[in-house]
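Open the model in your viewer and keep the selection panel at hand. The tour has two stops.

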Amino acid sequence: MKHKTGNSDLIKRINISNIIDILKTQGMKSRAELAILTGLTPASITKSTKKLIDLDILLESGTGKISGGRPPILLDINKNAGYILGIYLAPTKIKGILTSIKGEIISEETYILEKKDKSYILNLLFTLIKILIKTSKNKRILGIGIALNGMVDYDRGISIFSPHYHWKDFNLKKVIEEEFDIPTIIDNDVRAMALGTHHQGVGINESNFIIINIGEGIGAGIILNNKLYRGENYSAGEIGHVIVEKNSSHLCSCGNHGCLEALIGSKRVIEEIKIKIKTPNFYNEYFSLQKFYKSVNLKEPKSLKILEDISENLGYTLSFLVNLFNPKVIIIVGEINNSKNIFYDLLEAKVKKYALNSSTRNLNIIPSQLKGVDAATIGATILVYQNLFNGRKILEV
Ligand SMILES: [Zn+2]
């Protein structure tokens with residue numbers, strides 16, 4: 001039977017995350033101010049903040065000023081509350097950060113994946129976690145957040161399917177919690193990038209935005225009314241598998257043919273370059289996508305044509321999202337950002353061509369200022385404080 005998270009649980013998670021976010025970004029606040037800023041009732045603020053104080057995450061810290069009456073007590077984040085680990089299990093590397101609850105990065109660690117077998121990846125992951133924990137100098141670790149490529153059951157911490165690691169129905173949460181006895185929360189990488197970008201990136205002031213990650217895989221993270229939308233089976237945002245070319249010969253990692261990922265994913269782009277740019281000097285052992293984007297910036301016609309084809313297929317697919325969700329901003333993550341304005345001009349024209357005028361009127365398509373890997377690790381730490389009351393270890397406090 002499928003585990004379901006009740007609505008009240010979800011609301012609780014969002015409330016806690018809101019309270020912590022406000023104190024993180026705006027400093028000390030009274031309960032009354034928090035009620036106004038979060039839109040929650042004073043009773044629910046009192047209840048949530050009491051829990052956070054009991055967990056040593058918030059402190060009562062001084063008093064505020066009012067004209068007449070009893071001055072209100074101000075709440076602040078206890079900077080010694082503990083640390084959070086945020087980890088990105090990316091297709092070709094793993095990166096982890098250790099942050100304070102206020103989000104300051106204390107230490108970080110990155111490994112390149114030389115192999116893809118499960119025991120190798122898990123060994124490397126355990127080593128990374130151990131090294132990061134060591135840098136915490138024995139402070140409490142509140143939780144481990146993991147952004148994982150592929151489909152993820154967020155509520156149970158299961159990798160439903162990872163095409164890059166060849167994992168299927170693998171309970172990663174259980175494996176990590178058994179090894180480290182620290183509450184662990186896992187989500188899809190692009191969904192985590194959306195959270196990271198909403199808390200620390202260009203999406204910080206945006207209530208409705210979509211982030212698109214373009215790499216070997218292609219996916220979207222959707223923030224609607226300030227909340228991450230995951231969908232019924234955690235697959236909201238899988239735009240890489242929208243079939244753009246019917247009866248296509250291009251096989252996708254999902255098994256279908258003609259998906260967006262099969263047409264513009266980095267593997268396919270590299271193949272296109274091989275076929276269309278035959279100059280031996282250009283395509284040699286030192287070839288990289290970066291070099292390709294450099295040639296785009298030099299307006300090399302063959303390179304421009306490849307970029308235009310990418311923009312055509314991407315713009316066509318994005319027009320579905322734009323008509324469906326009417327976001328204010330679309331944020332792009334990936335090496336394609338190296339082609340700067342040339343790409344954005346092309347893409348904007350394509351989206352406008354295919355989407356409704358009323359949906360594109362105030363639409364902005366912009367590059368992410370955070371790199372995908374950083375947005376994902378920051379997002380992974382957000383997963384932890386959104387779930388502070390759900391971890392079994394913390395519940396016992
Ligand atoms: Zn596909």
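Donors here are N, O and S atoms within 2.8 Å of the metal (3.2 Å for Na, K and Ca); water is not among the atoms, so sites may look incomplete. This is a predicted model: local features need pLDDT of at least 70, side-chain atom pairs count only at pLDDT 80 or more, and totals for chains, interfaces and linings use all residues. Residues are numbered from 1 along each chain as its sequence is written, and side-chain values use heavy atoms, with hydrogens and water left out.

**Stop one: the zinc ion**

Along the chain, the zinc donors are spaced H-x10-C-x1-C-x4-C. Select His241 (ND1), Cys252 (SG), Cys254 (SG) and Cys259 (SG): these protein donors lie 2.0 to 2.4 Å from the zinc ion. The four donor atoms subtend angles of 100 to 127° around the zinc ion, so the arrangement is tetrahedral (four donors, all angles between 85 and 135 degrees).

Now colour by accessibility. Buried means under 20% relative accessible area, exposed over 50%, and partly exposed in between (1.4 Å probe, protein chains only). His241 is partly exposed at 26%. Cys254 is partly exposed too, at 38%.

**Stop two: helix H9**

Helices (H or I, at least four residues) are DSSP runs, numbered from the N terminus. Select residues 289–297, helix H9. Which of its residues are buried? They are Leu289, Phe292, Tyr293, Ser295 and Val296. Their arc around the axis is only 155°, which puts them on the same side of H9; the arc is that of the directions from the helix axis to the C-beta atoms.

Next, show helices H8 (266–276), H10 (301–325) and H11 (340–354): the buried residues of H9 pack against them (contact means heavy atoms within 4.5 Å).

How values were computed
Tetrahedral: all angles 85-135°; square planar, octahedral: opposite > 155°, others 65-115°. Helix = DSSP H or I, 4+ residues; strand = E, 2+ residues; numbered from the N terminus.
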